[in-house]
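Dear colleague,

I am passing on to you the structure shown below. My notes follow it, and I would be grateful if you read them alongside the model.

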Amino acid sequence: MDWPAVAAAATIGVAPTMPIAVTLANRVVACSAAARAVGVRRGLRRREAQARCPELHVVAADPARDARHFERVTAAVDDLVPRAEVLRPGLSVLPVRGAARYFGSEQAAAEKLVDAVAAAGTECQVGIADQLPTAVFAARPGRIVEPGQDAVFLSGLSIRQLAAEPSLAPADRENLTDLLWRMGIRTVGQFAELPRGDVASRFGADAVTAHRIACGEPGRPPSGRDAEDELDAVMNCDPPIDRVDAAAFAGRSLASVLHRSLLAAGVGCTRLAIHAETTNGQELERVWRCAEPLTEDATADRVRWQLDGWLNRRHHQDRPCAPISVLRLRPVEVVSAEALQLPLWGGLGEEDRLRARRALVRVQGLLGPDAVKVPILSGGRSPIERITFIPLGDEPVPAANPDQPWPGQLPEPSPTVLLDDPVEVLDVDGNPVRVTARGLFTADPVRLEAPGCTGRLSWWAGPWPVDERWWDAAAEARSGRAARAQVLVGSGATARALLLCYRQRRWYLEGAYE
Amino acid sequence: MSGKATAKVGGGRRAVAAETGLPIDHDSLLPMPESLAELLPGSLPRGTVAVVSGARSLEVSLVAAVTAEGGHVAIVGRPDLGLLAAVEMGADLSRIAVVAHPGADPVEVAAVLMDGMDLVVLGLGGRSVPASRARALVARARQRGCTLLVADGDWQGASTRLEARVSGYEIAGGRDGVPTPGCGRISRVRLAMRARGRSVRPVRAVGG
């Protein structure tokens with residue numbers, strides 16, 4: 001609240017402990033603590049303030065000066081905890097979760113912040129709460145509000161506090177608090193007790209916002225992502241786009257705008273949200289993930305494919321019901337430009353690879369990013385575990401390390417058909433065959449009953465017990481003993497070789513060799 | 001006319017490539033597994049549509065052969081294909097992409113993928129593609145030089161039809177070479193393959 005006074009003191013070269021008042025249009029808008037102690041208040045006329053405190057330093061308000069001086073504080077806070085958002089000069093918010101975990105507790109994080117700001121030459125107060133507005137109110141007394149106690153903390157505050165913070169309240173909030181005060185609603189708690197519907201019908205939209213704050217309900221949390229808003233590329237399409245060729249044209253120019261701003265910021269984009277609004281207000285958005293930062297051409301292609309996908313959906317009811325009027329590209333995730341290292345000349349077969357990739361990315365545009373997957377080798381014992389499928393564009397990380405030895409892995413060849421169907425394995429008397437604790441069949445298997453391939457077993461091998469995750473009690477209880485076996489169903493030319501897996505006291509058909 | 005050849009899949013062993021000596025332009029042909037190339041010389045040029053049926057090893061070995069030669073493969077609508085088997089046959093997984101669930105119209109997805117791939121394996125899920133639509137895709141395949149391998153369905157007017165059937169299994173570790181229940185493991189799958197089509201003389205091969 002006093003930041004303009006602090007900034008003014010720094011400019012005119014007096015200590016911030018002296019009585020200082022910042023005036024705008026002949027009224028005091030901010031004053032230092034020393035001035036407040038002798039009766040100077042916000043809203044007082046300048047002459048009257050000087051009468052109450054003859055040695056008062058009076059300075060004209062200058063928002064640019066406030067911001068300039070606050071930059072130093074922001075930098076100090078940013079060094080300690082990144083991603084601070086400035087609400088106004090003098091007030092900044094940051095997500096505390098990471099900082100609290102790093103420094104050990106919220107208390108410790110708050111102390112570190114106070115120290116860091118003190119090192120930058122200013123005093124500060126820290127408030128921590130679940131919701132942003134509550135945290136702002138908590139910062140005045142320097143309180144740390146326990147999780148879930150936002151409403152309790154707020155209920156004791158005066159109703160006038162709701163209008164006191166200019167970055168949280170519009171200019172006419174004072175009318176609302178004044179009215180509430182005159183109606184006998186003196187504290188935030190009393191206001192919060194009113195039903196939301198009554199508040200909305202009697203006092204209007206701003207009162208609902210105030211009521212949400214009073215109840216400690218979640219609003220927009222501070223986040224580092226919002227800081228990248230200025231990188232957005234927006235295009236108002238006139239005439240609205242309803243054909244793919246027009247979309248391609250728009251995509252190309254929008255991509256060049258986006259890349260100019262990315263270039264200026266020195267970053268590359270690895271996740272891009274394509275957002276479209278139709279003329280009757282329908283909104284469509286899809287986020288594109290890419291392992292390597294997007295080039296301008298790649299961005300243009302994605303915009304074109306995405307719009308192609310939206311405009312030409314197979315089912316009429318899925319298509320946007322009106323032409324697209326606003327197109328916005330938002331970089332959701334950026335990396336510093338050093339990560340982008342394009343080869344000077346394409347490598348061997350590079351062109352083929354890019355051609356294949358473009359075709360796959362187009363299919364992603366039609367079916368969604370998770371529809372196209374690339375397989376990579378993974379560690380494991382069953383044929384299914386040994387291949388991990390990663391959505392195209394994501395970093396290829398196998399589920400388990402394939403270079404580890406994995407004892408008990410099935411030898412070559414692997415089944416060419418992978419299945420997962422429950423089946424029955426029966427012995428000569430028609431009783432189900434199980435696997436004992438010693439890893440043996442309870443009886444020789446004789447017959448297999450499965451949809452499509454029921455028959456006598458002409459050969460079998462196994463069971464080969466799978467000794468996995470015995471250290472994990474929960475997983476062990478879930479899967480129990482596991483074993484695999486190979487069987488040959490039928491004989492002669494009609495025989496089929498199958499891979500069976502025993503788990504959870506049942507047999508499953510895991511694969512077929514064919 | 002019929003010829004006999006050996007076709008074996010699995011076991012990590014591969015037959016020695018046979019010099020066919022036939023005047024075939026290799027650039028216009030899709031890379032084939034050696035067992036199949038020997039058996040069906042020139043049966044699968046690039047830019048054609050082939051229908052495969054029967055044993056799955058045929059598709060898997062084609063995928064392996066094409067990627068091993070540096071081609072790109074997309075597998076559409078075949079979620080149960082065992083890619084580990086393809087790796088064992090020499091496939092390069094980084095050149096494979098899988099669209100397991102292509103939605104209501106797998107043919108459309110395959111048509112888009114033809115732009116960039118050397119081989120598209122399309123599982124139709126028992127459906128059949130009418131001749132009018134098939135013609136448009138065949139033209140596209142020829143123009144792009146992409147081979148479309150249709151499985152689990154029918155394609156009107158496909159130029160080649162490949163059929164594979166398991167003719168027997170080899171079991172390692174039996175007593176005296178006779179498979180004994182409780183002993184050994186499956187070491188090899190023997191296939192019998194047959195090709196029909198406009199560009200090939202009817203060829204039958206029996207594995208042994």
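Two strands are said to pair if DSSP finds at least two bridges between them. Helices (H or I, at least four residues) and strands (E, at least two) are themselves DSSP runs, numbered from the N terminus. The model is a predicted one, in which local features need pLDDT of at least 70 and side-chain atom pairs count only at pLDDT 80 or more, while totals for chains, interfaces and linings use all residues. Residues are numbered from 1 along each chain as its sequence is written, and chains are lettered from A and ligands numbered from 1 in the order in which they are written.

Chain A in outline

Chain A contains 17 helices and 17 strands. Of its 514 residues, 35% are buried (20 or more other C-beta atoms within 10 Å of a residue's own; exposed means 12 or fewer, and partly exposed lies in between, with C-beta atoms placed from the backbone).

The sheet of E1, E2 and E3

An open sheet of three strands in chain A has the order E2-E1-E3, with mixed pairing. Strands E2 (27–31) and E3 (57–60) stand at the edges with a single partner strand each, so one side of each has no neighbour in the sheet. Strand E1 (residues 20–24) pairs with E3(A) in the parallel sense over four bridges, and A:Ala21 has A:Val58 in E3(A) as its bridge partner. Helix H1(A) lies across E1, E2 and E3 of chain A, at about 105 degrees to E1(A). Such angles run from 0 to 180 degrees between N-to-C directions, the axes being lines fitted to C-alpha atoms, for helices over the stretch in contact.

H1 (residues 3–12) also packs against H4 (residues 63–80) of chain A, at an angle of about 85 degrees and with the axes 9 Å apart. The two helices are therefore roughly perpendicular (65 to 115 degrees; under 35 counts as roughly parallel, over 145 as roughly antiparallel and the rest as oblique). On the H1(A) side, the residues that meet H4(A) include A:Trp3 and A:Ala7, and those that they meet in H4(A) include A:His69 and A:Phe70.

Strand E15

How many of the residues of E15(A) are buried? Eight of its eight residues are. Both faces are covered, with A:Arg484 and A:Gln486 among the buried residues on one side and A:Ala485 and A:Val487 among those on the other. E15(A) runs antiparallel to E14(A), joined by seven bridges, and A:Trp459 stands opposite A:Leu488 in E15(A). E15(A) also pairs with E16 (residues 496–503) of chain A in the antiparallel sense over seven bridges. In the hairpin of E15(A) and E16(A), which has six residues between the strands, A:Gly490 takes a positive phi near 80 degrees.

Chains A and B together

In all, 45 residues of chain A are in contact with 46 residues of chain B (contact means C-beta atoms, placed from the backbone, within 7 Å). The elements giving two or more residues to the chain A side include helix H16 (350–367) and strand E15 (482–489). H16(A) supplies the largest share, 10 residues.

A buried residue in chain B

B:Asp118 lies in the loop between helix H4 (106–113) and strand E5 (119–123) of chain B. B:Asp118 is buried, with 24 other C-beta atoms within 10 Å. B:Cys146 is 28 residues from B:Asp118 in sequence, yet their C-alpha atoms are 4.7 Å apart.

With kind regards

Methods
Contact = placed C-beta atoms within 7 Å.
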